[in-house]
Amino acid sequence: MRTAIIGIGGVGGFYGGKLSRYYERSPEHEVFFIARGTHLDTIRKEGLTLITPSERFVTRPARATDRTEELGSLDLVLVCVKEYGLDEAARMLIPAIQETTVVIPLLNGVDNVERLGRLLPWGTLLNGCVYISSHLEGPGIVSQKGGSAKLFFGPEDTGGKAYGYIEDFLRNAGIDATLAAPVTTEVWTKFIFIGPVAAVTALHRLTLGDLERSEEHRHLLEGMMREVEEIARAKAIALPSNIVQGSLQKVSAFPPGTKTSLLVDREQGRPLELETFVGYIVRAGQALGIETPLHDTVYAAFTDPARAIL
């Protein structure tokens, strides 16, 4: 199987690194990295270094490139770019996609399949989500700091058995992968937690420990989670009845000093995945006729602070 990982950052570097190491000498499988700039140059020269709490290793993919036309036709693609790079990533993939190619986005958010469906002319789109805290430490170096590293993927409807071979492919490489059909429950379960948590911590510059200690901010967090839940139920997403309470309890499971990726990006002046975490719920509420006043206000606080009252 010919597999490419596009976006060799925290997520793509972790899962791609695991796959590349395991299948490095496989006669049946090839693993390719799609990256850019000095990161790509370093991977080509020195390989990718992956650091986890339990190990550190260097792996070399079958090929590392920024030109997908060099790869030929692919069987599987894991899309691990940030939300704001998704459209460009899709355009880059077109030369390597065929009718039978399976594409699995592992981004934050719940509308990635819909977006990719508008951009890719062919291929089979599944959906996915991961639970991991990892980041690009420097060119050619990815570090995982925490998280269970669980990966869920599957179709957004039934019929998941056809993709059992992908689950085996991932698990053989030491990846804690689960094929779920439909996968929408898993994707929204993550989103109802990570979206509001990312928004509140990034807006108020809080670690998860700060958030845990602040009654005011926890109240805001709970309210935003309930807005996401209302949108999800309007879309007929099957969620547990106690999804909000369960999501709130997850906050205390993280080390107090943990920062969300959205907060880190804001602190470092990088582009923000605001549309994924907040803007999507604002637009979905408008489309469904559901009021989302907390998301509206938080969105305004990021995009037009002079209008925000929070």
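Residues are numbered from 1 along each chain as its sequence is written. Because the model is predicted, local features need pLDDT of at least 70 and side-chain atom pairs pLDDT 80 or more, while totals for chains, interfaces and linings use all residues; side-chain values use heavy atoms, without hydrogens or water.

**Exercise 1.** Classify the ring pairs that involve phenylalanine 191 with tryptophan 188 and with tyrosine 280.

*Solution.* Step 1: state the criterion. Rings of Phe, Tyr and Trp (its six-membered ring) pair if their centres lie within 6.5 Å; planes under 30 degrees apart are stacked, over 60 edge-to-face, and the rest tilted. The whole structure holds eight such pairs.

Step 1: apply the criterion to tryptophan 188 and phenylalanine 191. Their centres are 5.8 Å apart and their planes lie at 80°, an edge-to-face pair. Both residues belong to helix H6 (residues 184–204), three residues apart, about one turn of the helix. Helices here are DSSP runs (H or I, at least four residues), numbered from the N terminus.

Step 2: turn to phenylalanine 191 and tyrosine 280. With centres 6.4 Å apart and planes at 85°, this pair is therefore edge-to-face. The pair links distant parts of the chain, since tyrosine 280 lies in helix H11 (residues 274–288), 89 residues from phenylalanine 191 in helix H6.

Step 3: check burial, defined as under 20% relative accessible area with a 1.4 Å probe, protein chains only. Tryptophan 188 and phenylalanine 191 are both buried, and tyrosine 280 is buried as well.

**Exercise 2.** Describe how H6 and H11 pack and which residues make the contact.

*Solution.* Step 1: the axes are 9 Å apart, at an angle of about 105°. Axes are lines fitted to C-alpha atoms over the stretch in contact, and angles run from 0 to 180 degrees between N-to-C directions.

Step 1: H6 is therefore roughly perpendicular to H11, a class that spans 65 to 115 degrees.

Step 2: list the contacts (heavy atoms within 4.5 Å). H6 contributes Trp188, Phe191, Ile194, Gly195, Ala198 and Ala199, and H11 contributes Thr276, Phe277, Val278, Tyr280 and Ile281.

**Exercise 3.** Is glycine 13 buried or exposed, and which residues does glycine 13 contact?

*Solution.* Step 1: glycine 13 is placed in helix H1 (residues 10–22). Step 2: its relative accessible area is 0%, so glycine 13 is buried. Step 3: leaving aside neighbours within four places in sequence, glycine 13 is in contact with Gly7, Ile8, Leu48, Leu50 and Val142.

Technical notes:
Helix = DSSP H or I, 4+ residues; strand = E, 2+ residues; numbered from the N terminus. Buried < 20%, exposed > 50% of the residue type's maximum accessible area, 1.4 Å probe, protein only. Parallel < 35°, antiparallel > 145°, perpendicular 65-115°, else oblique.
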